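Please look through the structure shown below before reading on.

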Amino acid sequence: MSVEKIKRQRGAVWRVRWRDEIGRERSKVLGTKRDADAFDAEIRRRRRTGEIAAMDAGKETLASFAEEWWRLYAVPNLAPKTLKVYADLWDRYVLPRLGGYPLRNLTPEVIARFRADLGIAGVGDPTIRKLMSIVQGVLQRAVEWQRLSTNPVRAVRKPPQRRIRRIEPPAPFAVEQMRARLRANGRLRDAVLVCVLAYAGLRPGEALALEWRHIGERTILVEGAVALGAVKETKTRQTRSVRLLAPLASDLAEWRLASGRPDERTLVFPGAEGQPWFDHAWRNWRKRVYAPAATAAQLDGSRPYDLRHAFCSLLIAEGQSIVEIAQHAGHSPAMTLATYAHVIDELAGSERRPAEDVIREARERVTSQARASTR
């Protein structure tokens, strides 16, 4: 570290030289000897206290730092589908509004203006909340990597998270109507897929990642999920076992026999050429196969994901505890209670019935109606 005088036509200035934490030579020019000495003393103090890195922290723009965050943190830690969503939201909403700001200039006021601007532009509260969470996550890495001292997003209130849709679990009778319609149209695979979603409570990606080795005598092992045409970890990054109800076990056995008894490592519901489904194939299935069957069963607007609520409601009707239901669904007990509290209240005091009996009764009822209609 040194202070040197520089003569110029309009008078002398003073330059302070020092080396940063990785040995690079740095300098700063000040107008008076007094200011230069004070700055030099501050550098010496920061070096003694290990704070020298903070001298230049935060000069890079958010756009520049985000590229580093993407390479070092996002790609190694986030699922491909999450990366795709984040990239789209970042490019559309964050980069045009905040990308040019140096990190050190991202104050709580700037973030508050960012949130307000999104609202004025007509962006919905759920999207604003997600965007705020993404920016907060990026800047948290900036704090951890000593580019910022504090995270400005933490000081800004996010839109409250509200459940927009009230869960309405599909009744087993409606599920059985879908199953019967698909089977009648020669779509055994699709009928079994619907039943896996409704009677095992799997998320669609988890169902599409099932291999035959995951189907046991009494349980289904869930250890992966399909995203963007590849099998990855589950949403919670945890493996779980789900109870295999007898009617579903029978459907799966029938499907395996019809598939030519594939080996243990074969996907239960293979996509094109036996590979995992790509997103476009899933969207086509939802539109061309699932939606007509759901509409015929008076489940207008239903999504395949909604079928997993049927399984949870069956467990509630059996009298299973919140902890047990959460374990089967792959939720936390708190989320399970928040999601199904109204279903629990509705079924309170009613007769406890085994899920398998309820499914068999619905299946027999649909079969009886089909026979009556052909007479």
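In which sense do strand β1 and strand β2 pair, and over how many bridges? Strand β1 (residues 2-6) and strand β2 (residues 13-19) pair in the antiparallel sense over 5 bridges, where two strands count as paired if DSSP finds at least two bridges between them. This is a predicted model, in which local features need pLDDT of at least 70 and side-chain atom pairs count only at pLDDT 80 or more, while totals for chains, interfaces and linings use all residues. Residues are numbered from 1 along each chain as its sequence is written, and side-chain values use heavy atoms, with hydrogens and water left out.

**The sheet**
- Helices (H or I, at least four residues) and strands (E, at least two) are DSSP runs, numbered from the N terminus.
- β1 and β2 form a hairpin with 6 residues between them, and Gly11 in the turn has a positive phi of about 125°.
- The bridge partner of Val3 in β2 is Val16, and that of Glu4 is Arg15.
- An open sheet is formed by 3 strands in the order β1-β2-β3, with antiparallel pairing.

**The helix pair**
- Helix α3 (residues 80-98) and helix α4 (residues 108-120) pack at an angle of about 135°, with their axes 11 Å apart; axes are lines fitted to C-alpha atoms, for helices over the stretch in contact, and angles run from 0 to 180 degrees between N-to-C directions.
- Tyr93, Val94, Arg97 and Leu98 in α3 meet Val110, Ile111, Phe114, Asp117 and Leu118 in α4, contact meaning heavy atoms within 4.5 Å.
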